[in-house]
Amino acid sequence: MAQASSWIGIVDDDPSVLKALTRLLRTRGFQVRTYGSAEAFLAALPGGLPACLILDLQMPAMSGLELMQQLTRKKTRIPIIVITAHQDTELNERCKSAGASAILRKPLQDTSLFTAIDNASRSSQTPNRAGET
């Protein structure tokens with residue numbers, strides 16, 4: 001299984017969102033890798049896991065929720081921050097059930113995003129079972 005590293009992955013089908021988030025995260029010293037689709041992210045998984053994944057919920061072909069479900073089936077654990085332009089309580093609950101560590105509405109607030117990243121990073125460093133690192 002691939003090991004987590006110190007970079008943050010961003011999956012969004014909107015190139016302007018990828019560019020803006022990359023710039024923002026790099027101002028805080030984060031290393032960033034971007035993916036224009038869920039499929040592109042899955043194809044890159046053998047190269048390693050991000051410390052955290054920022055994931056758009058509404059994407060063509062495979063949605064963010066479907067990607068989360070696929071990662072769960074593969075037993076791939078990554079702290080995930082879901083971003084969405086839509087307010088849908090039922091969908092938010094489904095994302096939380098699928099393991100999202102945070103759900104943020106677009107347009108993103110910098111402080112909310114950085115808080116979610118800090119929380120996700122802490123959760124990824126917490127052992128899941130006795131003796132697991």
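Here is a short chat about the fold of this predicted model.

Student: Before we start, what should I know about the model and its numbering?
Tutor: It is predicted, so local features need pLDDT of at least 70 and side-chain atom pairs count only at pLDDT 80 or more, while totals for chains, interfaces and linings use all residues. Residues are numbered from 1 along each chain as its sequence is written, and side-chain values use heavy atoms, leaving out hydrogens and water.

Student: Thanks! How many helices and strands are there in the protein?
Tutor: The protein has five helices and five strands. These are DSSP runs numbered from the N terminus (helices: H or I, at least four residues; strands: E, at least two).

Student: And what order do they run in from the N terminus?
Tutor: The elements go β-α-β-α-β-α-β-α-β-α.

Student: What order do the strands take in the sheet?
Tutor: The open sheet reads E2-E1-E3-E4-E5, with parallel pairing; two strands pair if DSSP finds at least two bridges between them.

Student: Which strands stand at the edges?
Tutor: Those are E2 (31-35) and E5 (100-105); each has a single partner strand, so one side of each lacks a neighbour in the sheet.

Student: How many bridges join E1 to E3?
Tutor: Four bridges link E1 (residues 7-11) with E3 (residues 52-56). Val11 stands opposite Leu55 in E3.

Student: Switching topic: how much of the protein is buried?
Tutor: Of its 133 residues, 41% count as buried, meaning under 20% relative accessible area (1.4 Å probe, protein chains only).

Conventions:
Buried < 20%, exposed > 50% of the residue type's maximum accessible area, 1.4 Å probe, protein only.
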